[in-house]
Amino acid sequence: MLYLSQILNTKVLDSADKKVGKLVDILIPAENGLYPQLNYILIKNRKGEEFYLSFDKVENFSSGVINLKTQIERLEKITETPGQLFLTRDVLDQQIVDMEGARVVRVNDLKIGVFNDKMSVLGIDISFRGILRALGVEFFDIFDFFKVELIDWRNIQPVNGHLKLDTVAKKLNKLHPADLANIVEDLGVKQASNLVKSLDKEAAAKVFEEIEPNLQQTMVRYLDADSAIKIVQEMPDDELVDLVKSLPKPEAIKILSHLQKTELSAVQNLLRYSDDTAGGLMTTVFVSARPEWTAEKMITEIKNLSDDVRILLYIYVTKENGEYCGSVSLRRLITADKNTLLQDIMKPYNDLAVLYLSQDINEVIDVMTKYNLYTAAVLDDNKKILGIVTIDDVMRHLKPNA
Amino acid sequence: MLKKVWLYILIFFSLIGPAIISGTANNDAGGISTYAFAGSKFGYLLLWVLVANLITLGCTQEIGVRLGIFTGKGLASLIRERFGIKWTLLAILTLFVANLAVTTSEFAGLAAAFELYGISKYFTIPILAVLIWFAVFKGSFKKLEKIFLTISMFLLVYVVSAFMSQPDWGQVIKSGFSPNLPLDTAYFFTLLGIMGTTITPWGQFFIQSYVVDKGMHPRHYKAERIIIYFSAFFTCFIAAMIMITTKNVLFDHGLVVDSAEKAAMALKPFLGVMAKNIFALGFLAASLLGAFILPLTTAYSVCEALGFEHGIDKKMSEAPIFYGLMGVLIIFSAVIILLPFASLFKIMISAQVLNGLLLPIILVFLILLLNKGKQMGLPEMSKKEKVFYNIVSWEAIVRLTVVSFLLILFTLAPSLLESIKRLFI
């Protein structure tokens, strides 16, 4: 087992023990799968010239001395090494993403060891002990006060260097949007914007929703108009409204002016309600149906609905003019006979807890907690349903920083 | 047509407004004390330093903005990523020591403001230390920031005061462009203090973090550049006004500022009986602003460089080192001020001198980073720009190093100064 800091600047000798130079960097393949094996070493000779050597030429690799298999005259000096990641230049001392911990950390040292008979990079050290080691004063820590904290190489993702962003995105796409949002919050606005831009727009929108509001605003201003609009368009309209409200006027107008007509009118409607009322919390995207529809028709209808509907627990049954009649739970719908009419399986309006537009956030929380509701319909004074409040909106108010 | 004119005026003020505010607020209690001391002790002799500082400050801050905008990273991060851990440690230690001194100076300013009314530092400092800790910890200082910034606009009274003191403007301008370096330890000391209070290690880290956190985009660079130079102008302009005022009101009558009380006297001709009150309020606001910002920016930079969790949105248990460092800075400063023999005024000026001593180290990192800029994604500099940045930065580094060296030499061996003087005169 070896650390990068212990081997940097080690002298390199050829097979006749003649000095070749000292080690200044190690190269690994940029596309990472498992533990990457060491491909090349970068050597600087006494004249200050730098050149690469294939790692196959290395006989002995230790912190005291590096021995080569051949003589200095026979060395094949490589000058071009495409597609490589430089451990010192691109990884050591840089910030990288710890995917398991969903955070951004700084690399204090790298652990190198044998994997599948090949010298490979096994992990990174992010501990204070790693700093002491890199400074060459590890012995200060006589009582082992600082523990080594290693992160497995398979769980990290470099964000610097000559990496293509789409490969980064592919790996990061596996993370939960909330975890990705944590990472984005840890990165600076510039890196964060690059990362968000590299995701596909649906994923980007989901991450965007989870980012804390201050950073949301900063990023909307930082991103170029096109990417910003593409991303925010994919957000559910209640989240979009929150964002638009928090933006300075010129940015808000810029975004509104790019929305499609249907979405625009929904957003403009929502914009009228103040933040901490049922109207301000609700989303206008929900599944509505007529009482005389059969269960079969309803199920086909749901299948045809776009991905816009994020939460589907109830079908809201309304009259032609939008007046709220009652709701059908998904469970009742699926278990019902296919020819049953919705009006026969719905819970009627009178038995249901509903919310009204101007109801205060605290009342909304009370109602939803008391009746154990995941979603609740929001009505206007004419009993017309305008939207629904979902439990995630309420939870965000209860614990804003989570 | 009229509408268009208004639009231009609006744009102008939206640019110059922040410049006036940040430029004026740059002068904290330590700065006011140093300039007042310089003016009352040396008259116009040190005015030239302000003219030189104007260029240096504008230039170094612009480098900070440039690095911040184009890399999206703070200065501490860039030093770590480009120079490795050993050099980072040097930079961070430098910053930490300098900031410890400045924080102490801010606390001295707080104590001095209250002592103008005879309220003992043993009473005010412990309370303020706790309050500041809470405000920083809870992040509530963001809300207070605007209030303090507004109050620190009080410094503009020096502009009126300077004009009212009827200086000989010809002499002022002449002095501003006559660099001189008499062999006098006190002069070196003050010169270094002026440089160290105008251009600070923390200011360099702060400006870069500021543009990064604000999410400034390369397209904002041009506008920000204008703000930076205006802001540097206002910092030095106010400093000059303080010097001119103290020269005419105090120096000409043989009075040297050695306390906040005497510094306040310089405003008497303009403000009369209100001089003390207004001075105290401004002094207090300026010190409080610094006392909030310094522990925060220090802990931020240290943690950023060494990779510890940081940020006021983190909990105490998530970022113990971040909050611990802030605590250390606040407690250290409070304890120093509470020492019975501590002279508040001397602390304030010495802190600026220490900053001046340490500044060249940070400036070297700054200019080296700029020269490496292409690797970090900075746009290629034109030859003119490159020459300008390098000359201004290295001039400041050399000026600071020479003066620091002379100051240390003559302080350690005063007899040497005497023999050199005898040799020349």
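**Hairpin in chain A.** I started with E9(A) and E10(A), which form a hairpin with four residues between them. Ala102(A) sits in that turn and has a positive phi of about 50 degrees. Element names are DSSP runs numbered from the N terminus: helices are H or I with at least four residues, strands are E with at least two. Strand E9 covers residues 95-98 of chain A and pairs with E10(A) in the antiparallel sense over four bridges. (Two strands pair if DSSP finds at least two bridges between them.) Asp98(A) stands opposite Arg103(A) in E10(A).

**What I am looking at.** This is a predicted model, where local features need pLDDT of at least 70, side-chain atom pairs count only at pLDDT 80 or more, and totals for chains, interfaces and linings use all residues. Residues are numbered from 1 along each chain as its sequence is written, while chains are lettered from A and ligands numbered from 1 in the order in which they are written.

**Confidence.** I noted ipTM 0.79 and pTM 0.84 for the model. Chain B averages a pLDDT (the predictor's confidence in each residue, from 0 to 100) of 89, and 98% of its residues score at least 70.

**Chain contact.** I looked up who touches whom, with contact meaning that C-beta atoms, placed from the backbone, lie within 7 Å. Chain A puts in 18 residues and chain B 15 residues. On the chain A side, the elements giving two or more residues are strand E10 (103-106), helix H3 (128-135), helix H6 (189-198) and helix H8 (213-222). H8(A) gives the most, with four residues. I get eight nonpolar, six polar and four charged residues on the side of chain A that touches chain B. (Ala, Val, Leu, Ile, Met, Phe, Trp, Tyr, Cys and Pro count as nonpolar, Asp, Glu, Lys and Arg as charged, and the others, Gly among them, as polar.)

**Three-stranded sheet, chain A.** I found an open sheet of three strands in the order E19-E20-E21 (chain A), with mixed pairing. Its edge strands, E19 (355-356) and E21 (385-390) of chain A, each pair on one side only. E20 (residues 375-379) of chain A runs antiparallel to E21(A), joined by five bridges. Leu379(A) stands opposite Ile385(A) in E21(A).

The axes of H3 (residues 47-71) and H8 (residues 169-176) of chain B come within 7 Å and cross at roughly 60 degrees. Axes are lines fitted to C-alpha atoms, for helices over the stretch in contact, and angles run from 0 to 180 degrees between N-to-C directions. H3(B) and H8(B) are therefore oblique to each other; under 35 degrees would be roughly parallel, over 145 roughly antiparallel, 65 to 115 roughly perpendicular, and the rest is oblique. In H3(B), Leu47(B), Trp48(B) and Val51(B) meet Val172(B), Ser175(B) and Gly176(B) in H8(B). I sorted the residues of this contact into four nonpolar, two polar and no charged.

H9 (residues 185-198) and H17 (residues 383-412) of chain B have axes that come within 9 Å and cross at roughly 140 degrees. H9(B) and H17(B) are therefore oblique to each other. The residues in this contact include Phe188(B) in H9(B) and Leu407(B) in H17(B).

Notes
Two residues are in contact if their C-beta atoms, placed from the backbone, lie within 7 Å.
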